[in-house]
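Hi,

Here is the structure I promised to pass on.

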Amino acid sequence: MALEQTAEELVDAVVVNDGRLLLVNVQGGWGLPSGAPEEAETAQAAAARVVYELTGYLVDGSSLLEPEPADGPPAVVCHLLSQDPSGEARLTAGQLRWAPFAEAIEGGLPAPVRTYLEGHTPV
């Protein structure tokens with residue numbers, strides 16, 4: 001991510017699999033994979049591309065979560081399509097982590113993402 005990019009220019013990817021959320025460690029903290037869309041790229045396509053570039057996982061960019069004002073970048077729910085990441089990821093295995101929904105919800109995610117995860121948390 002370039003330093004001059006603002007939150008409005010980014011897309012967060014909400015990668016879910018079996019009650020867990022994919023988090024990445026960049027700049028010293030855990031968060032959602034995110035990046036800027038390329039010219040004429042939808043938020044869904046950008047989310048899928050960014051996840052692959054950062055983590056090596058193939059995902060679909062299935063649905064855009066409705067952002068709330070002042071909640072940061074739009075978020076796209078992505079479902080895992082590959083169980084093993086490719087060797088072309090920018091991040092190492094130590095910079096990736098699958099967190100249970102309940103743990104991720106407590107980690108300060110944007111409101112639309114928390115709401116989505118709360119509605120899909122296994123009982």
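**What I found**

Let's start with Asn25, which sits in strand β2 (residues 20-26). Helices and strands here are DSSP runs (helices: H or I, at least four residues; strands: E, at least two), numbered from the N terminus. Before going on, two notes on the source. This is a predicted model, so local features need pLDDT of at least 70 and side-chain atom pairs count only at pLDDT 80 or more, while totals for chains, interfaces and linings use all residues. Residues are numbered from 1 along each chain as its sequence is written, and side-chain values use heavy atoms, with hydrogens and water left out.

Back to Asn25: a polar atom of its side chain lies 3.3 Å from the backbone nitrogen of Gly29. That makes a polar contact (a pair of N or O atoms within 3.5 Å; within protein, one must be able to donate a hydrogen and the other to accept it, and residues adjacent in sequence count only if both atoms are side-chain atoms). Not counting residues up to four places away in sequence, Asn25 touches Trp30 and Gln95, where contact means heavy atoms within 4.5 Å. Leu91 is 66 residues away from Asn25 in sequence, yet their C-alpha atoms are 8.5 Å apart.

**The whole chain**

The protein has 3 helices and 7 strands, in the order β-β-β-β-α-β-β-β-α-α.

**The cores**

A nonpolar core is a set of buried Ala, Val, Leu, Ile, Met, Phe, Trp, Tyr and Cys residues joined through side-chain atoms within 4.5 Å. The largest one has 19 residues, and Val15, Tyr57, Val59 and Cys78 have the most contacts inside it. Two or more residues come from each of β1, β2, α1 (43-55) and β6 (75-80), with α1 giving the most, 7 residues. Another core lies apart from it, with 16 residues, including Val14 and Val113.

**A buried charge**

Which residue is buried yet has no salt bridge? Asp12, in strand β1 (residues 11-17): the nearest side chain of opposite charge, Arg114, is 11 Å away. A salt bridge needs a side-chain nitrogen of Lys or Arg within 4 Å of a carboxyl oxygen of Asp or Glu. Lys and Arg count as positive, Asp and Glu as negative; His and the chain ends are not counted.

Cheers

Terms used: Buried means under 20% relative accessible area, exposed over 50%, partly exposed in between (1.4 Å probe, protein chains only).
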